[in-house]
Amino acid sequence: MSYYNNINMIKHTMDDFSQQNLMQTQKSLQMTLAAYDYMLYQIYTDRGIIAIIDNINNGHETEKNRIELTNALSTFIYGQSYVQAVSVITDSGKIFFFDRLKGYHTETSWLKDSSIPIAHIYKQTLSMDKTNMFSTKSSADFSGQIYYYCHIAHSIMDYKDVKHKKGIIILSINADVLNKISNVTLSSQAIPLNEGFCFIVDQNNNIVSFPQAEFIGKNLLSTDSHDIRSACKEFVKNNNLMKGDNIDVQFLNDENIGWKFIRVSDTSNIMNYINKQYQMTALIILAMSILLGSIIFFINKTVFESLNRLIKNMKISECGKVMMNNRMPIITEIYMIYQNFNHMLLHINELIAQIKYITKQQKDYEIKSLEMQINPHFLYNSLDMVNWMAIDAGEYQISDAVHSLAQILRYSIADINAPVPIKEEVVWLHRYLHLQQMRFKGSFDYQISLSEDAEHCIIYKMILQPFVENAILHGLKEINEMNWIDVKIWTQDNLLYISIKDNGSGMPADVLANIIKMAENPQLSIKGKIGLYNVFNRLKFYYQDKVIIKFESQIKHGTSISIGIPIEEGH
């Protein structure tokens, strides 16, 4: 695919180059012919020449006027090296000329050898309002050298009566000028003839210009092919100008003069160069493939040996022998697998030891738990007995305190880590604060407000108790006036908010800073703050980074705690 893609790319590049070369040739030829056309214009519009032709047509002093016309024509083409002859054919059928090859008084060097009849040239030129172009083969000069002409002709206009045409004038140009214009680019690049050249054919496919003059005048379609490209290839091969099948033909039509500019190139050298490059590339690829194949084989051999040893160790580990072979592989990646597998086995050994220890401890805890199962029941029964004794004695306040204590104890011991609707936690908190009021003889008052939308939200047990207990034991201990604790629970922005405020003594700045640090990092512990340490750890464990905890406190103005946790709905 790369080979054919490059071939097509090179072909397109060469075609573009050929078309540009042909367009440049066309422009150069148009400029040259425009200069000769202007010279022709100066002749057929010259009043002196027209007057001489009028005298000749009227039969006035024919010989004298012929000499004057010949001298005038020679003056116009003086210094124009490529203009070989200028001929005038009047409407009376008389022919006058100036010919560089034959001289003044001999016959013209091209009219008798022209393959186109003079009458046809005359009629065709008179019928056209523009310059007529044609080519012909000329005869030899005095030295025997043969010249080939290209001719441009135009009717002679009467400036008094434009419609009246007095004859035609023909400018004969050496065909060498066309060949030089056609192959100027190739000549500047020193391209041999057998590698590429340009030539020109007329509207009848007759060769007008060719690097080898003997081919001028031949018809390009004299071969069996009627396609211009195929005809050019056959013409070039038949005349041994180029050999091989890599002949490229490009042509360009000139609509103004009806000629074709043809460029023929032999691409054999380029194709041979490309083929050699691809052969060299193929050999390099083959050598690299063999080398890479050998490297891959030896690398894979080492990899497979290392993997087989690793698999063998894994099978040994499956049998309960957690060990590693000391022989390490030389492949870095597999060596890393070995190391990680070894670390994993060491970690597994540690985990097995920990599991054995934890299993033993769990069994011990289960035995102790069985031993202690009687204690809560004994305690509940004892408190119930004390309650009835207080009732029998009429000590109803003591009975109320004992009953509240029993309910608190039963709630706190049963499923301590179980989540409950917050309204149950509020009921328990009421009993706890009521018992604390009795303990401190009504030295403080409390208020708990729970919004309706928060009643069914889920919260874990004993989350609020450490904060409330801290407010009672530390916040209200030095205040003599009536103290209060305000607990508010509501929902906002998909969070359950809990606010606990008191009007107690507040906390010093350093103590407040330490508690805030412990709330942000529960791994830190403060002496005497075991309750807060536990509840901070529980909040982080249950809610991770979604929990919000804020503290505000001022000396003698109380403390405010705000907690925000994600909402979990209960049923």
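Visitor: What should I know about how the model is treated?
Guide: In this predicted model, local features need pLDDT of at least 70 and side-chain atom pairs count only at pLDDT 80 or more, while totals for chains, interfaces and linings use all residues. Residues are numbered from 1 along each chain as its sequence is written, and side-chain values use heavy atoms, with hydrogens and water left out.

Visitor: How many helices and strands does the chain have, and what makes a run count as one?
Guide: The chain has 15 helices and 16 strands. Both are DSSP runs numbered from the N terminus: a helix is H or I with at least four residues, a strand is E with at least two.

Visitor: What makes a residue buried, and which residues of α7 are?
Guide: Buried means under 20% relative accessible area; exposed means over 50%, and partly exposed is in between (1.4 Å probe, protein chains only). In α7, residues 228-238, the buried ones are Ile228, Ala231, Cys232, Phe235 and Val236.

Visitor: How do you know that they line one face of the helix?
Guide: Look down the axis of α7. Its buried residues fall within an arc of 130 degrees, so they line one face. The arc is taken from the directions that run from the helix axis to the C-beta atoms.

Visitor: What do the buried residues of α7 pack against?
Guide: They pack against β6 (196-201), β7 (207-209), β8 (247-253) and β9 (260-266). Contact here means heavy atoms within 4.5 Å.

Visitor: Why is β6 called largely enclosed?
Guide: Six of its six residues are buried, so the rest of the structure largely encloses β6. Gly196, Cys198 and Ile200 point one way from β6, and Phe197, Phe199 and Val201 point the other way.

Visitor: How do you know that β6 pairs with β9 and with β7?
Guide: Two strands pair if DSSP finds at least two bridges between them. Six bridges join β6 to β9, and two join β6 to β7. Both counts therefore meet the definition. In β9, phenylalanine 261 is the bridge partner of isoleucine 200.

Visitor: What makes β7 and β8 edge strands?
Guide: The open sheet has the order β7-β6-β9-β8, with antiparallel pairing. β7 and β8 each pair on one side only. From one strand to the next, the twist averages 35 degrees. Axes are lines fitted to C-alpha atoms, for helices over the stretch in contact, and angles run from 0 to 180 degrees between N-to-C directions.
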